[in-house]
Amino acid sequence: MNTGTPVLPHATPPPLGEPRPLGETRTWPRDFTDRLTAPLPGVRALARIARDGKLRPAPEALREIQELPFAPGPMPATGLTTVALTWAGHASWIIRIGGLTVLTDPVWSRKILGTPARVTPVGVRWEDLPDIDAVVISHNHYDHLDAPTLKRLPRETPLLLPAGLAPWARRRGFTQVTDLDWWEAVELPAPGGPVRFDFVPAHHWSKRTLTDTCRSLWGGWVLTAPDGRRVHFAGDTGYGHWFEEIGRRYVGIDLALLPIGAYDPRWMLRPVHTDPEEAVRACRDLGARVLVPMHWSTFLLSAEAPMEPLHRVRAAWAAAGRPRDDLWDLPVGASRVLGER
């Protein structure tokens with residue numbers, strides 16, 4: 001079998017569910033611990049990390065920070081049929097689809113709780129953003145749900161959230177809030193026709209305070225344009241069986257935005273963060289044509305050298321026999337437009 005060709009699902013995919021109403025108030029379980037696909041680190045793991053001191057790059061590796069790719073530029077002009085990406089850094093993207101402008105996990109803050117300050121500037125100045133039509137959030141960790149950034153948005157901005165996060169947003173004055181379970185969807189009206197947003201599983205977890213572990217859900221999003229083109233935003237995730245299932249249900253994913261950083265040490269982070277080689281495998285499992293790496297080059301969250309994720313994903317992509325043009329390894333601040341089908 002040619003390992004360079006994406007695996008496409010053979011079985012007939014199950015029909016997608018009808019979109020749910022926007023803004024509905026729902027009742028959820030007390031927690032979502034039963035959705036975990038691996039145990040969370042215990043006291044022994046935390047003690048080992050404290051003893052080894054291995055959650056930051058070695059001092060000599062920090063010289064690589066000056067090599068991190070940063071190339072801000074104007075966002076491309078878009079029309080009703082345009083699908084375009086601009087990387088603001090980490091997991092923050094400006095997605096143009098169906099005439100809408102969507103932000104993913106927007107973090108414009110220089111520093112987030114418990115993490116060193118960002119090592120590359122935000123790729124797009126806030127004042128240069130077009131009007132935002134929707135925001136999607138993958139989970140509530142501070143490097144993905146940044147309250148100071150969200151406070152910059154008009155309170156009527158539609159927020160699409162994992163199950164259990166709607167009360168958090170409503171307490172902060174947002175009036176168009178929808179939280180979803182896995183495999184649920186909503187549609188937003190758009191000039192080019194409705195754009196569908198499906199919330200899909202991920203191998204991760206949630207926690208924001210000392211007492212709310214797994215009290216809200218975590219996951220990724222599949223955005224489907226009126227013409228059927230699809231973008232999968234994985235959020236934060238380890239590698240596992242969910243990628244094949246997402247690919248089976250959402251046939252024809254064009255762009256897979258997948259994390260490639262924050263993976264070392266593997267004994268601790270493997271269940272929740274894909275490394276570059278796993279991201280290439282996940283892209284194949286999804287049946288996606290293009291891999292768009294993210295979740296690196298912004299915050300130093302683990303012990304790998306700053307440039308290592310880029311070198312490894314390029315090598316893994318080449319080893320898989322995939323076309324070089326289908327690896328969109330963008331610098332922070334850069335944009336790319338998906339061609340018409």
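How many of the eleven residues of helix 6 are buried? Here are some notes to read beside the model.

1. Before we start: this is a predicted model, in which local features need pLDDT of at least 70 and side-chain atom pairs count only at pLDDT 80 or more, while totals for chains, interfaces and linings use all residues. Residues are numbered from 1 along each chain as its sequence is written, and side-chain values use heavy atoms, with hydrogens and water left out.

2. Back to the question: nine of the eleven residues of helix 6 (residues 276–286) are buried, so the helix is mostly covered. Buried means under 20% relative accessible area, with exposed over 50% and partly exposed in between (1.4 Å probe, protein chains only). Helices (H or I, at least four residues) and strands (E, at least two) are DSSP runs, numbered from the N terminus.

3. Which residues of helix 6 are buried? They are Pro276, Glu278, Ala279, Val280, Ala282, Cys283, Arg284, Asp285 and Leu286. Their cover includes strand 10 (230–233), strand 11 (253–259) and strand 12 (290–294), together with helix 4 (242–249), helix 5 (266–269) and helix 7 (308–319).

4. Aspartate 275 caps the N-terminal end, with a side-chain oxygen 3.2 Å from the backbone nitrogen of glutamate 277. After the helix comes glycine 287, whose phi is positive, near 70°.

5. Next, find threonine 149 in helix 2 (residues 147–150). Threonine 149 is buried, with a relative accessible area of 1%. Leaving aside neighbours within four places in sequence, threonine 149 is in contact (heavy atoms within 4.5 Å) with Pro106, Val107, Trp108, Ser109 and Trp126.

6. Another threonine to visit is threonine 224, in strand 9 (residues 220–224). Threonine 224 is buried too, at a relative accessible area of 11%. Its side chain makes a polar contact with the side chain of arginine 230 (3.0 Å). A polar contact is a pair of N or O atoms within 3.5 Å; within protein, one must be able to donate a hydrogen and the other to accept it, and residues adjacent in sequence count only if both atoms are side-chain atoms. Apart from neighbours within four places in sequence, the contacts of threonine 224 are Ile97, Pro194, Val195, Arg196, Arg229 and Arg230.
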